Amino acid sequence: VTPAAQHDPVTLATPVTPPLRRAAPHTYLMCRPDFFTVTYKINPWMDPAIPTDTSLALRQWQTLYDTYIALGHTVELIDQIDGLPDMVYSANGGFVIDNLAYGASFTHPERQPEGPAYMRWFADAGFTVAEPQNINEGEGDFMLVGDTILAGTGFRSASNSHEEVARLYDREVVTLNLVNPNFYHLDTAIAVLNQSADEAPDAATIAYLPSAFDAPSRAELERRYPEAILVSEADAAVLGLNSISDGYNVVIASRATGFEAQLRERGYNPIGVDLSELLLGGGGVKCCTLELRR
Ligand code: ARG
């Protein structure tokens, strides 16, 4: 073997060290669960017969809030309205990019009054508000990745809302069809780990549960994100994907231990929080968090 052959770069093994990740500060909108309970059933997780503990929900929510503050993020608050128990899932209150807030128009009558309540908050906070023309549940079904918007449909947001969002933000929108009622919002089936980057080698830009999507959507995700983390059914079943990443720190359900290990392997810093009480409404970390992009 000649020295030249020994140093042929083509024969070098790929580095085992994970890529360097960088955290960026974010601004979130949250809703303290002062009136949290489960009084109706609009997803398979909810059962009004199971008692809820509002004070436990408040303590768990506070831990999530404190985690964001400790990570250096900014959290703004909207007051929960008595009688709107799902308002705590602020991710559904709208979708905000470039200081433009696309309002929500909820599928189920139980949540419909939340749409105007959130739009009032956006207007008061200085955002331009776009009144929605189509049924959509905000960031629950719209996720920004690089310059692309991933958009879910099948259970909640109507596909014509995807066209509306594409026009509004002048960005590419990729429609993804959800097929499992347990993962009824896109943010229960996909986690965006690095929203400022488009896919690069070893990017692990997103994580997702393949079986939550129909075959064409699965193929689209494979094509766009060949380096994605594929999570197990067990981790998805504790809403592990329903998480918030700042590009390095990823706040996840503490029970999603497999996902936690996968994140660590890929150079992320997973931080587990327990939102068991809010899971009774069918929501987790991400559902309780709306990103405000000014
Ligand atoms: N109970 C709420 C609903 O069914 C939960 C919303 C969860 N939010 C989310 N972004 N996935 O609408």
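Reply: Strand β3 (residues 94-97) runs antiparallel to strand β4 (residues 100-103), and four bridges join the two. Some terms first: strands here are DSSP runs of E with at least two residues, helices are runs of H or I with at least four residues, and both are numbered from the N terminus. Two strands pair if DSSP finds at least two bridges between them. Bear in mind that this is a predicted model, where local features need pLDDT of at least 70, side-chain atom pairs count only at pLDDT 80 or more, and totals for chains, interfaces and linings use all residues. Residues are numbered from 1 along each chain as its sequence is written.

One spot to look at is Tyr-102, whose bridge partner in β5 is Ala-130. To get from β4 to β5, the chain passes through helix α3 (residues 114-124), making a right-handed β-α-β crossover. Right-handed means that, with the strands pointing away from the viewer, the path from the first strand over the helix to the second runs clockwise.

Further along, there's an open sheet of three strands in the order β9-β10-β11, with mixed pairing. Its edge strands, β9 (190-192) and β11 (229-230), each pair on one side only. β9 runs antiparallel to β10 (residues 206-208), with three bridges joining them, and Ala-191 has Ala-207 as its bridge partner in β10.
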